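Please look through the sequence and the structure before reading on.

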Amino acid sequence: MKVQCVICDQVEEIHPDSLLGKKLRNHPLVTYMCLPCKERITENTEKRRADGLLPDTSLQVQEEEW
Ligand SMILES: [Zn+2]
């Protein structure tokens with residue numbers, strides 16, 4: 001089956017019986033991201049968290065428990 005990356009519009013062929021293929025077939029709203037885009041986004045997210053620009057949600061949860 002063909003899937004299109006939501007970030008760079010690159011079309012890739014994935015196996016329909018793979019975990020991702022089943023997920024995309026069963027949940028049409030699940031979006032596909034190609035590996036380079038996924039890695040880039042993960043990297044950016046990690047970097048922003050390291051810089052303190054992203055709120056640390058785990059800390060907030062702990063505060064609410066008090
Ligand atoms: Zn992409």
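The chain has an average pLDDT of 85, and 82% of its residues score at least 70; pLDDT is the predictor's confidence in each residue, from 0 to 100. This is a predicted model, in which local features need pLDDT of at least 70 and side-chain atom pairs count only at pLDDT 80 or more, while totals for chains, interfaces and linings use all residues. Residues are numbered from 1 along each chain as its sequence is written.

The chain contains three helices and two strands, arranged from the N terminus in the order β-β-α-α-α. Helices (H or I, at least four residues) and strands (E, at least two) are DSSP runs, numbered from the N terminus. Confidence is highest in β2, at 94, and lowest in helix α3 (residues 57-65), at a mean of 61.

Of the 66 residues in the chain, 2% count as buried. A residue is buried if 20 or more other C-beta atoms, placed from the backbone, lie within 10 Å of its own, exposed if 12 or fewer, and partly exposed in between. Val3, in strand β1, is partly exposed because 19 other C-beta atoms lie within 10 Å. Beyond its neighbours within four places in sequence, Val3 is in contact with Glu12, Ile14, Leu24 and Tyr32; two residues are in contact if their C-beta atoms, placed from the backbone, lie within 7 Å.

Asp9 lies in the loop between β1 (2-4) and β2 (11-13). Asp9 counts as exposed because it has 8 C-beta neighbours inside 10 Å. Although Asp9 is not a glycine, its phi is positive, at about 65°.
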